[in-house]
Amino acid sequence: MEESSETSNHASLVPASGTALDEKGEPAVPMPKQSRFNVKIVHEQPTETLPRNKGRMSMVDKNDTLNESMHVTFGQNTHEAIPSIAYYRNVFSTTAEAKRRPTLAELHEPKRKDVENSSPEDQEVGNVVQFQGSKFGWIKGVLVRCLLNIWGVMLFLRLTWITGQAGVGCATIIILMSTVVTVLTTLSMSAICTNGQVKGGGAYYMISRSLGPEFGGSIGLIFSLANAVAVAMYVVGFSETTRDLLHDNNLILVDEINDVRIIGVTTLVVCLGITMIGMAWEARAQLILLVILICSIIVLLIGSAIPPTHDEIAKGFVGFNAGTFKENFKPAYTVGESFFSIFSIFFPAATGILAGANISGDLRDAQKAIPKGTLLAIGITSVVYIGLVWLLGAVMVREASGNIADYFPVADAVTSGIVLATSMPIPTSGPIATTSSTAVICGAGKACEYGLLNDLQAAYIISAFAPFIIAGIFAATLSSALASLVSAPKVFQAVCKDNVFPKTKFFAKGVGPTDEPKRAYVLTFFIALAFIALGELNAIAPIISNFFLASYALINFSCFSASLSKTPGWRPAFKYYNKWVALLASVICIAVMFLINWYAACFTVAVVGALYLYVNHKKPEINWGSSTQALTYKQALQCTVKLLTIPEHTKTFRPQCLILSGAPECRPALVHFVSHITKNNSLLICGNVVIGNQEENRDQMTSIMNDHTNWLLRQKIKGFYSPIISKSLRSGAQSLLQISGLGKLRPNTMFLGFKSNWRKDISSNVVDYVGIIHDAFDLNYGVAILRFPQGLDVSAALNMQAQQNGRSNLPKPSEQTINEAEPLILEDSGETVASEASSEKELKVAGRPLEDSTALIKGHRPGSVIKSVNAFQDKQAKGTIDVWWLFDDGGLTLLIPHILTLRRQWERCKLRVFAGGKKDQIEKEKISMANMLSKFRIDCHSVEIIPDIGKKPQDVSLATFESFVEPFMLTADQDVKDFPGYITKEERKNLKEKTYRHIRLRELLFKHSKDANLIFLTLPMPRKEACSAYMYMAWLETLCNAKDLPPIVLMRGNQTSVLTYYS
């Protein structure tokens, strides 16, 4: 103890195994750079050897071996694992080795020889380290791409027109509004991507891991398509500019439209070639294009400072002028344009903020690169856009004719502050300029082709060297095309890898160390090629913009959803976000979608909704720990807690059922029957008592629970499976009755099958079976017992041992049952088999084991097995449900049949109610019962009053009952303590009247209800210490002997009202 405490005082963190120290005690190798945590590493100094006294035993002498064993690196002399990131990696990780820490059982259980000398370092799940190729930093991977995509063709071909329409003031507001949306989206994106490692897929990866595969898959698909079509749009923009240059030089290939197609296809092939070579070459091309674009911006700035020539003035470029700026500050919308229409035209420029995130799998550190690069790109581009808007508003008029003769005298030009180029001769007559931003009145027969409003190539006029502007347009279009050509395949590859949509795995395969999606590149190429050949991209542009905006909206909503769930796993390193701001940004994105184009927004919402419903219907086997799951848990918890404060009321009563079913697939008829009662409206729990001890069965409990829960899901039964290990059947059932449920979501009715082998089974099992019914009544449960003519338990035919994939340590079917098995008659062999038989030998039907009930049904196996498995799954034939409501138990015996008639499977069955009464008051009691049912709003087909229930039964019936009880009567020399549950003569005498009533009821059931689809009958109440187990089982056997009767449910409520006629 002293040595261990001393060690803990000397070192706050011991260096990793094998770290060499220099003579100063410092690590000889460079230590990694510290991140968010400041860790002080203190190395233990060697202790001086203590002097020993000769002739005296010392503690040091005795513990030399111990001390030497302790002088090893911490974590190397123990089976436990020291903290390491390798234990937290995905076992399928290809970027670094993944290790498995010791399990709880390996640490807790006694050591075995085969693991005694092993250490955690040996327990590697995977040791696959794959070369990942070159990775990009935040500048080349994010900043450069975002700059190029945000600027794009908007910078030179549309910004002048936007300035002319909206004016300097409103254009600035439009840019700032776009900036706000993109900044808020980037903050949300930064929070998401710093909450864990971000892999390939960009927006798809972030949305799918936050909101689940439904939203992620739909956005991933349309986002990939949007980028593929965007490639065509950018290539067409490049082709049109090239065509115009060719036409200006009298070079025409075919005609205007086909020239664009030819140039576009050629350009697309070149872009595909660059991307197919590799991301490194594409990144180099992007850098070159950025340099060209920046140079073109600089040339434009220089040109604005150079005094304009006569020709430039005639075309609207008048140089810096306060009057021009003042006039251009206000908007001057032409017919059909407005603030929001101009906003819708500019905003697509802001869709480039995901250019870096889309290649998240190729970034060296996506968590740092995406926030830093994207935010900086937004800041730079916004400043440049606003600066250019102000510059354009100060140097160029809105409209100009291009004819210098249309302007005012020179004197006005001089007084207005316009300085002409000194190299140009000043005309002695004729107009040249005015203080008005519009030098000449356009319209009314005067056509103006120049100026901010009319000339989309106004930047050529302002520029100091026009070819640089052309080069800038080429750089902007080609860079955007390259970025989209890379983004679409990367995102689509991520979608395909997750197998969200069927038959897309082909495109998931990558090539080379960087996993290049070359198959997806080719697919994107053909999509872009088709749209280039199609033309009319202007009509598609609003839909593409809306696809991007839908992605932004879901990114913001992902951040909001994750923050709202308050799951402990939501710990983003980026702190500058707020969930309500993220929600606001999501709403703004949706609003902008409708402002840009309402029909395109409706189309986008419809497509996302359809894909969402499709993925939700397919339910891919994916678990990413999404915020949707966390919110579901949180809402369920809050609602469960809220239920505690809501007092119970008769009107809100629901039958919440605990089925003592054992393994649910062993008694499918029982589980399906009860699911009809609880379907979508109340609680259903399938309880299973595994008889044995915890040590022998704990390893199988998890897998068993998953198997049985999955069976419930496959059968579309909304319920829970609850296993419990117990040393006896009754003690396990008692535990289930006491602890099942949570808060107000607790069972109030117990269902179990009838124990038809009670005459052959040992007495202790019979006593336990009846005892479970006593325990249920003690705990204020209603009790229902279902007896099916062909039996309920099909575990012998299902061959549970084979079903569990050969796991021989699993509990035998006989040990997995709560209520003992109904004998199962296999008509193929005529053999009667109880569930215990499968523990002795492997049962086979038609020469092979049956694996599960579904396979049994699909195989069309004949006999009673099929009837039992498929009993309550199909629609019931037209008929009746007969309710023998003999004693008032609170109304449960009447309510459950009424609920059944509301279900699709039982909708063709009508209720018939039978009750006891006096012979001379049949009509009066029938009317009274009918009125009561009417007040309860129970739709009843007919009411029958049975007056002769108290009549003595027939001798044949008495003889049959006698055969039931005779083997279990105590003789004079037998003591009840030695034969628990047996019947005494005194008991039989005291219960004679009740016994006769039950025998008589059996006769009446056969007389009135043998043709019914289902019978409900009041369950006899077993009074403690008055009715023995075998007497009670004889009663039940008499009442529900299923030889010539339909399925029977013996039911009794807990004597608390579950029906009311008050509103």
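Predicted model: local features only at pLDDT ≥ 70, side-chain atom pairs only at ≥ 80, totals over all residues.

Numbering runs from 1 along each chain as its sequence is written, and side-chain values use heavy atoms, with hydrogens and water left out.

Core first. The largest nonpolar core holds 134 residues. By that I mean buried Ala, Val, Leu, Ile, Met, Phe, Trp, Tyr and Cys joined through side-chain atoms within 4.5 Å. Buried is under 20% relative accessible area, exposed over 50%, partly exposed in between, with a 1.4 Å probe and protein chains only. Phe156, Leu354 and Tyr385 touch the most other members. A second, separate core has 61 residues, including Ile685 and Leu752.

Now the charge. Asp259 sits in helix α11, residues 256-277; helices are DSSP runs of H or I, at least four residues, numbered from the N terminus. Asp259 is buried, yet has no salt bridge. That would take a side-chain nitrogen of Lys or Arg within 4 Å of a carboxyl oxygen of Asp or Glu. Which side chain of opposite charge is nearest to Asp259? Arg243, 6.5 Å away.

Last, the surface. Ile590, Phe594, Trp598, Tyr599 and Val605 form a nonpolar patch. Patch members have over 30% relative accessible area and no salt bridge, and nonpolar side chains (Val, Leu, Ile, Met, Phe, Trp, Tyr) are joined within 5 Å. Helix α23 gives the largest share, three residues. Trp598 lies in α23 and is exposed, at 59% relative accessible area.

Note on methods
Helix = DSSP H or I, 4+ residues; strand = E, 2+ residues; numbered from the N terminus. Lys, Arg positive; Asp, Glu negative; His and termini not counted. Patch = residues over 30% accessible without salt bridge, like charges linked within 9 Å, V, L, I, M, F, W, Y side chains within 5 Å. Areas by Shrake-Rupley, 256 points an atom, 1.4 Å probe, with all protein chains shown as cover.
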